[in-house]
Amino acid sequence: MSQATAAAKRSSADKMGIFARLAQFFREIFSELKKVQRPTRDELWQMFITVVVFVVAIMIFVGIFDLIFGQLTFLIFG
C-alpha cells in the first residue's frame, strides 16, 4: 500500500465518528468470518479422535511418572 493511500485512509478514518468506526469494525469482522473454511464432518471426527488419543497418552505418561515418584518418595521417606 502506498503512503498516499494509507494517509487517505487514515484521514477518512479520523473523520468518522465512533459509531461509524464501530459499525465498520463489525462489518469487517463478518466479512472475514465469511472467508473461514470450516472442517467437514470427517475432518472434525478425525481431529476429535486425535485429540482424545493424545490426551489419553499424556494421562498414561503422567500416571506412570506419578506412580514412580510416589514409590520413590515412599522408599526414601518411608
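The following legends describe close-up views of a predicted model.

**View 1. Overall fold of the protein chain.** The secondary structure consists of three helices and zero strands, and the order along the sequence is α-α-α. Of the 78 residues in the protein chain, 0% are buried. The chain exposes about 7600 Å², and carbon and sulfur atoms supply 70% of that area.

**View 2. Helix α3 and the annotated segment.** Helix α3 covers residues 41-77 and contains 37 residues. An unreviewed UniProt entry places the feature "transmembrane region" at residues 44-77. In the model, residues 44-77 are 100% helix and 0% strand, and the end C-alpha atoms of this span are separated by 49 Å. Just after α3, Gly78 adopts a positive phi of about 30°.

**View 3. The salt bridge between Glu32 and Lys35.** The structure holds one salt bridge. The side chains of Glu32 and Lys35 form this contact, with an N to O distance of 3.2 Å. Side chains of opposite charge can pair when their charged atoms come close. Glu32 has a relative accessible area of 45% and is therefore partly exposed. For Lys35 the relative accessible area is 60%, so the residue is classed as exposed.

**View 4. A nonpolar surface patch.** Ile18, Phe19, Leu22, Phe25, Phe26, Ile29, Phe30, Leu33 and Val36 make a nonpolar surface patch of about 910 Å². Among these residues is Ile29, which is located in helix α2, residues 18-34. Ile29 is partly exposed, at a relative accessible area of 30%. Phe25 and Phe26 also contribute to the patch; Phe25 is partly exposed at 46% relative accessibility, and Phe26 is likewise partly exposed, at 41%.

**View 5. The ring pair of Phe25 and Phe26.** Four aromatic pairs occur in the structure. In one of them, the ring centres of Phe25 and Phe26 are 5.5 Å apart and the ring planes stand at 70°, so the pair is edge-to-face. The angle decides this assignment, because planes over 60 degrees apart count as edge-to-face. A pair of aromatic rings is described by the distance of the centres and the angle of the planes.

View 6. Phe61, Phe65 and Phe69 are linked into a cluster by ring pairs. The UniProt annotation "transmembrane region", from an unreviewed entry, spans residues 44-77.

Note on methods: Residues numbered from 1 in each chain as written. Predicted model: local features only at pLDDT ≥ 70, side-chain atom pairs only at ≥ 80, totals over all residues. Heavy atoms only, no water. UniProt positions renumbered as here; feature names shortened; annotations may be inferred. Helix = DSSP H or I, 4+ residues; strand = E, 2+ residues; numbered from the N terminus. Salt bridge = Lys/Arg side-chain N within 4 Å of Asp/Glu carboxyl O. Buried < 20%, exposed > 50% of the residue type's maximum accessible area, 1.4 Å probe, protein only. Expected span 1.5 Å × (residues − 1). Patch = residues over 30% accessible without salt bridge, like charges linked within 9 Å, V, L, I, M, F, W, Y side chains within 5 Å. Areas by Shrake-Rupley, 256 points an atom, 1.4 Å probe, with all protein chains shown as cover. Phe/Tyr/Trp six-rings, centres within 6.5 Å; stacked < 30°, edge-to-face > 60°.
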